[in-house]
Amino acid sequence: MDSHNFQPLSLAAFALSTAAVGMSLLALFPWLKGYLIVARDAVLWLALFFVIGGAGFVGWQQMQNAPKESSAVQPIEPAAKPPLPSGFSYDVTKQSLH
């Protein structure tokens with residue numbers, strides 16, 4: 001992963017996660033609990049969106065920058081038959097080697 005893409009994603013995820021933890025601590029107060037739970041969930045969904053979206057974007061960039069493989073199919077050469085001892089042949093019409 002490129003470092004210039006990784007650092008902003010890491011900082012954004014860290015900031016959003018820290019904000020979610022701070023909101024959870026503030027939710028200890030009963031009169032703020034209802035509002036902060038909604039805000040915390042919104043921040044966590046936003047963090048998830050940034051992390052998954054950023055990872056997908058970086059993966060897409062890696063796929064675009066990957067070297068292209070040749071699309072031509074190379075034919076497979078048949079393997080050579082090993083030599084038989086003298087007096088034997090590969091005649092498939094006979095049931096035994098003669």
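The secondary structure of the chain comes to 2 helices and 0 strands, where helices (H or I, at least four residues) and strands (E, at least two) are DSSP runs, numbered from the N terminus. The structure is a predicted model, in which local features need pLDDT of at least 70 and side-chain atom pairs count only at pLDDT 80 or more, while totals for chains, interfaces and linings use all residues. Residues are numbered from 1 along each chain as its sequence is written, and side-chain values use heavy atoms, with hydrogens and water left out.

To begin with the chain as a whole, 11% of its 98 residues count as buried; buried means under 20% relative accessible area, exposed over 50%, and partly exposed in between (1.4 Å probe, protein chains only). The accessible surface comes to about 8,400 Å², and 70% of this belongs to carbon and sulfur atoms. Such areas come from the Shrake-Rupley method with a 1.4 Å probe; for residues, only the protein chains shown count as cover. Among contacts (heavy atoms within 4.5 Å) between residues at least 6 apart in sequence, 46% join residues at least 24 apart.

Helix H2 has 33 residues and reaches 47 Å from its first C-alpha to its last, close to the 48 Å expected at 1.5 Å a residue; the expected span is 1.5 Å times one less than the number of residues. Its buried residues are Leu36, Val43, Ala47, Gly54 and Val58.

What, then, makes up the largest nonpolar core? Its 7 residues are Leu16, Ala20, Met23, Ala27, Leu36, Val43 and Ala47, a core being a set of buried Ala, Val, Leu, Ile, Met, Phe, Trp, Tyr and Cys residues joined through side-chain atoms within 4.5 Å. Helix H1 (3-26) and helix H2 (33-65) each supply at least two residues of this core. Leaving aside residues up to four places away in sequence, Ala20 touches Arg40, Val43 and Leu44.

Leu26 lies in helix H1 and counts as partly exposed because its relative accessibility is 41%. With residues up to four places away in sequence again set aside, Leu26 touches Leu32 and Leu36. The C-alpha atoms of Leu26 and Ile37, 11 residues apart along the chain, are separated by 9.6 Å.

Turning to the surface, Ile52 has its place in helix H2 and counts as exposed because its relative accessibility is 54%.
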